Amino acid sequence: MRSALSRAYRGVCWYLRELTGESAYDRYVTHVRRQHPDAEVPSRRDFERMRTERQEKDPRQGFRCC
Amino acid sequence: MRTAKPRTIALWTLVALVGAAGWTVLALSRDEEVSAAWMVAAALGSYAIAYRFYAKFIAYKVLKVDRTRATPAERLNNGIDFHPTDRRVLLGHHFAAIAGAGPLVGPVLAAQMGYLPGTIWIIAGVIFAGAVQDMVVLFFSTRRDGRSLGQMARDEIGPFGGAAALLAAFAIMIILLAVLALVIVNALAESPWGTFSIGMTIPIALLMGFYLRVLRPGRVVEVSLIGVALLLLALVAGRWVAESSWAGTFTLAPATLVVWLVAYGFIASILPVWMLLAPRDYLSTFMKIGTIVLLALGVVIALPTLKMDAVTDFASRGDGPVFAGSLFPFAFITIACGALSGFHALISSGTTPKMIQKETQVRMIGYGSMLMESSVAVMALIAASIIDPGLYFAMNAPAGVIGTTVENASQVVSGWGYQISPQDLAQAAKSVEEASLLSRTGGAPTLAVGVSEIFSRVTGGGLKAFWYHFAIMFEALFILTALDAGTRVGRFMLQDMLGNVYRPFRNVSWKPGLVLTSALVCGLWGYFLWVGVHEPLGGINQLFPIFGISNQLLAAVALAVCTTLLVKSGRLKWAWITGIPLAWDAAVTLTASWQKVFSSDPKVGFFEQRRVFQDAIDRGEVLPPAKSMDDMHTVVTNSTVDGVLSAVLALLVVVVIADAARVCVRHVRRPALSSLSEAPYVESGIVAPAGLFATKEEKEEARHAVGAEPRV
């Protein structure tokens, strides 16, 4: 019972982190480490800045519908 | 031949029976109150069958999705916008992107023709047109590295049709923004509670933005929870403000709200994304998904009865007060989102294809999300149909028709055959703590009354006013986000177009160009919003049909692109999959445009309306509902603009369809002449299930592969 509850809780947390993009940084770091081992990994602060700047350049990214 | 297990056959027979029972009760009940449960049964039964059989057939037999083919997310993975995303996460993403105010507003307005036409169109429309469009666009865009609809139109149809599609998309964006803003103005006017709590969302979003930028970058979940808590506080505080001496400050006339909204749209769209847009978007996504889940639970628990007629007399007479015109074509353009929405093509080509893990998942993401949106539309229709029909018409008829007093409104509405006493009208407003509910057109207030009815039945009667304002805030929140994001997208299109004339506009970061184009876009939708608010004939009554037409015309563009692609990719014999929805959609929208331009009924045809009012001006008369000569001139100007706009939109889409037809015919005659810009085949290294739940074979396959499926 307890383990099922804690699994459900972990599942919800995982889902929320993925859906909101909170896990984007971790994913990016994994990606850079794996694909470009020599490249420098940006800090979380810089990464989040880069992400919003990309959205600014092309507002169609993440556009919401009516 | 493959045989189905007896258990499977029994299960799907049961599902079919549930759906059929729902339809039977809805279709055969007359003059008696039907439980909303039957509508839910008809919808869910039909969705399940469509998803299991029709969508599967399209995915595997027509599109021939290939699970061994790598998607752009896998091939072009850059860890940011291109990355393979878990299908359940992407479903949430895609659904949050497509579902907005549209499926909540359209069905409410269409309820004036009764609940049955709306139900049939929402369910049949989504199964055969809307969800098919979303899935097919998603598939083709995935095969083209996530190209946008406009790019696909240019690549596959040609520069001429492509340019027409682009121009149509821009015009449609402007109308969309104006109508959404008009819905907000009608919901917030003279309502200090609503205005205060919506106003508070701006400082809350700024605070969240600051938190994410400076204090704890990227911690979206915690900041969203803080934001939602503050939002609920603002909602409760709205009541205190409305009862305090500050009430006057937040009681705004529609004209004042227009100025505020346009100013907001302009400033928000030139501020950096992190400051207002991004945090507001987190907030509205949380609220959206949360409220939709609550509403679904509320409908299932409360199971209210439908009080609206199945089919009202307005459906055949075409003289309804909410919008003019008869059932065909106007019910089919009033309900756009939820049945068939062209805007979804912009999401299905663009963001989602860059994140999809497997081609086989287009059914779940494209078709499945749209079915979910359709169920939101069904819930909105239920919410509008459970309130007293007399109240419904008093809330949705323009002031020019029912007057501004409860006595007058009661009299006019009773004349239509829906009895409601002045006391009941006053009581309805009082129970949600609003000064008046008369002529609160636009759908949002009606939906809020329905939602408060459902929720207060679950939570006990005392919270009606709270739930009413909760629902208003929920809609206003994501409409404001749409104003900001939509202005940016409109600006982006404009920068692109102007860039052809004057190069620096191409650089989207060029400040003078950015401010100028933002101001232009806000000015354009602001103009229509201003017109809508000052329209003596009722802004929603006049503008909503143009919005519906434009949304459906965009769907026609998307379906034309899909059909062309089916033909060009050697699927000619399946071209009817999108060809029939295209033919239906073109028939509906072009008939509607035709009537809006040429009808001799002044309630429907814009130019006839113009003529009637112009003649009266020449005779020196003032025709009701206009009250002065100024009103008369306003009507003449507005009908001219609206008429020209309807005609231009229809022409643009005829150009796109004709150009697409030309390409298809050329391909059938001389296939060698056409080129297909599909990304070449690359083998996929990812193993992932196609549907929500992994099948036994898929689990087996995943066990053999290494680390492909993210663990939960």
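Student: How are residues and chains labelled here?
Tutor: Residues are numbered from 1 along each chain as its sequence is written, while chains are lettered from A and ligands numbered from 1 in the order in which they are written. This is a predicted model, in which local features need pLDDT of at least 70, side-chain atom pairs count only at pLDDT 80 or more, and totals for chains, interfaces and linings use all residues.

Student: What feature does UniProt place at residues 36-592 of chain B?
Tutor: The unreviewed UniProt entry gives "domain: CstA N-terminal" for that stretch. UniProt positions are given in the numbering used here, feature names are shortened, and annotations may be inferred rather than shown by experiment.

Student: How much helix and strand is there over residues 36-592 of chain B?
Tutor: That part of chain B is 73% helix and 0% strand, and its end C-alpha atoms are 31 Å apart. Helices (H or I, at least four residues) and strands (E, at least two) are DSSP runs, numbered from the N terminus.

Student: Is the peptide bond from F328(B) to P329(B) cis or trans?
Tutor: The bond is cis, with omega near 5°. P329(B) belongs to helix α15 (residues 327-334) of chain B.

Student: And what about the bond from P624(B) to P625(B)?
Tutor: That peptide bond is cis, with omega near 5°. P625(B) sits in the loop between α27 (606-619) and α28 (629-669) of chain B.

Student: Why does K64(B) count as exposed?
Tutor: K64(B) counts as exposed because it has 12 C-beta neighbours inside 10 Å. A residue is buried if 20 or more other C-beta atoms lie within 10 Å of its own, exposed if 12 or fewer, and partly exposed in between, with C-beta atoms placed from the backbone.

Student: Where is E433(B) found?
Tutor: E433(B) is in the loop between α21 (422-431) and α22 (444-459) of chain B. E433(B) has a positive phi of about 55° although it is not a glycine, and this residue is partly exposed, with 18 other C-beta atoms within 10 Å.

Student: How many residues does the contact take from chain B and chain A?
Tutor: The contact takes 43 residues from chain B and 32 residues from chain A, where two residues are in contact if their C-beta atoms, placed from the backbone, lie within 7 Å.

Student: Which helix gives the most to the side of chain B that touches chain A?
Tutor: That is α23(B), with six residues.
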